[in-house]
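Please open the structure in your viewer and keep the sequence panel at hand. The stops below go from one selection to the next.

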Amino acid sequence: MSTRSTFRWLLWLALLLTAPAQAAFTDNGNGTVTDTVTGLMWDQCSWGQTWGAGSGPGNRSCDGTASIHNWAASLNLANTANTGNRRGYTDWRLPNRTELESLVDINKNASPRIDSVAFPNTPSALFWSSTLYLSINPAYARYVNFNDGNTQHSIQTSTYHVRLVRGGQSFDPFDSDAPCGPGLSYTTGQWLMLALPCVPSANPASVADVFGNSPTANLDDTRYDNSTDGWAMYRREVTTNPSSYVKLLATTTLATGTGYWLKSLSAPVDGKLTVVGTATPVTDTSTDCASANGCAVVTVQTVSDSNRYNLIGNPFPYAVDWSKVRVRVGGTAIYTPSQASGVGDGKANPAVMANQIWIWNGNGYVTWDDVTNPGNLKYFQSFWINVLPGAADQTIELLIPAEESTVTPLGQTTAPLDRLLAGLRAGAGWVLDTLIPPAVADETLVPGRAPGREQRGQPAPGAAAADATLDLLVTQGVWSQGLDPQAAEAAAHQTAAAEGRAWWVRLKLDEPATGFRDHNSLLGQRLGALNGYDPADLIEMAPFAPPYLTLVFPHPEWSTRPGDYATDLRSPQRLNARGKPVAGLPAANWDFEIRADAPRGEVVLTWEGPAAILARSRLRDRDTGQLIPPSGRGAAKGYRLKLSTKVRRLTWQFLGQ
């Protein structure tokens, strides 16, 4: 470890053992003081006060009344200070909890408990920190009470005082509720869809300064763009035709809300990526936002007469429910993701954006939408959205709520098979089921293929089937339960599944030797679904780069949307000669394929679904002719097969009820 690194860790240890404690300050004569231990530079005055220069140190004054602000406004005051070159600096920020606690004078018996010479006329009151109270509720944030020196938390709409800070030694390693979260585990040689979960403290927030600060953290900036043991980052250039990947320079400034690709051929410090910074500001607290906590606003890029895949970053240090993201068009019209895709009551016309998101998991894409297969924006990661030609020449914004998700995707529970596979991995010396083991790294740091076809006139998602049963259930939800149409439709599908009028089965593919997995494939019958393409059928994006392992439902015969799908949901109704629904569920077959970049070893295919459906189903291996019963004795072990070729073809057969 370098001398600089050793000193910093010793300093952190000393701070941990002694903070909060009285600090020694140097008066800089310009309205700031510097902590001689941490190097942090503080504004002498609380926000709202006016600094007055006296005849020398100790004779400074902070005149006027300190103002109070809610938490979101407090974060934005740093932007105001930087724009105005406050005290001659442009890198002010709201201090995190531990930094603010360092100002508490524990030896002082009188209030305010702060050095009154360094910080004259400080209110004996509460001051906001930038630290979210993630362990309880991200709608709360931490504050320090300078009346008694204690730290507590409060709802972000509360109004407290503000003192700004800049530079110095970061306290984030000792802040359990750090505004950037705990960091993200990273596997060497793996392509990662990356996003900043906060606003970096580094100024400028360059690639090298944010992620190149090894040996203290992250990666070695001197190895950037080294094809032997280095690392590289890319962004997606949307406005070129076609879109293209652009390798970032080490000096390129990173932005919160933007998505990036990262790959490293050497491990980061402690095996994870971290960011030091302050919480992402909430810039929209209007009724357009689907959360009382407010939203961060991300503008997407469009191109005339063509769809464009935008790589967007989750700006918060926690998972966010995709169904609570709103799409604002032209500054006024507000849509859910499904409405933006041209589906449902109040839909956009023309459609402006598909309602799917895609996230690379290391060996394949997982995909979610906001209704059929709901899921989350992931912590510290970016995601793809497909902006449609109807968005051209309009301002399209994503309103991402500052609210931690409570959504668990369908089938993502700890089933007996998951425990079995976890046991297999433990026996092989694996540590965590959620970590993807190292893949064979490419010899270069060149990204993979584009996310999907971008072409003129790409069709928008189609319409759902007319379904009297679904319409009735939605109407009941709206009128009898007071639900909005989107919530009423979600409740209708849940009711239909509970009553046996609709069902789903999740297919789960695992490769025990590598840990590769694809648990994102869903088949079944759903109210409002068509037997051809409809909005419930989610597109499977082609793998980004080898090695990969994925399961897809191929549908080259779908004339409006030929391609591969992650979900394939069919109509649950049959009609008689008079056009009336027939009781019971119709029989149906689902062809699917297991695909890999090269022949592989043994994989395990398992499934989750209602027992009554599994009992009336069969799994057929079309390449061997073998029939496998999905229920009964031994079914929990799944179907083990060896991928001796790149593609294995199977069929799920439902016999009907």
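## Disulfide tour

Number the bonded cysteines in sequence order and the pairing reads 1-2, 3-4, 5-6. The model is a predicted one, and it holds 3 disulfides by the distance rule.

Start by colouring the chain by pLDDT. The average is 84, and 84% of the residues score at least 70. Select residues 1–22: the pLDDT here is below 50, and the stretch has 29 contacts beyond near neighbours in sequence. Then select residues 411–443, also with pLDDT below 50, where the corresponding number of contacts is 55.

Next, select C45 and C62. Their sulfur atoms lie 2.1 Å apart in a disulfide. The S-S torsion is about -85°, so this link is left-handed. C45 sits in the loop between β3 (41–43) and β4 (50–52), while C62 belongs to strand β5 (residues 61–63), 17 residues apart. Both C45 and C62 are buried.

Move on to C180 and C198, joined with an S to S distance of 2.0 Å. This link is right-handed, with 90° about the S-S bond. Look for C180 in the loop between β9 (165–166) and β10 (184–185), and for C198 in the loop between β11 (192–194) and β12 (199–200); the two are 18 residues apart. C180 has a relative accessible area of 1% and C198 one of 0%. Buried means under 20%, so C180 counts as buried, and so does C198.

Finally, select C289 and C295, whose sulfur atoms are 2.0 Å apart in a disulfide. Which hand does the link of C289 and C295 have? The torsion about its S-S bond is about 80°, so the disulfide is right-handed. C289 and C295 are both buried.

Note on methods:
Residues are numbered from 1 along each chain as its sequence is written. This is a predicted model: local features need pLDDT of at least 70, side-chain atom pairs count only at pLDDT 80 or more; totals for chains, interfaces and linings use all residues. Side-chain values use heavy atoms; hydrogens and water are left out. pLDDT is the predictor's confidence in each residue, from 0 to 100. Contact means heavy atoms within 4.5 Å. A disulfide is a pair of cysteine sulfur atoms within 2.5 Å. Helices (H or I, at least four residues) and strands (E, at least two) are DSSP runs, numbered from the N terminus. Buried means under 20% relative accessible area, exposed over 50%, partly exposed in between (1.4 Å probe, protein chains only).
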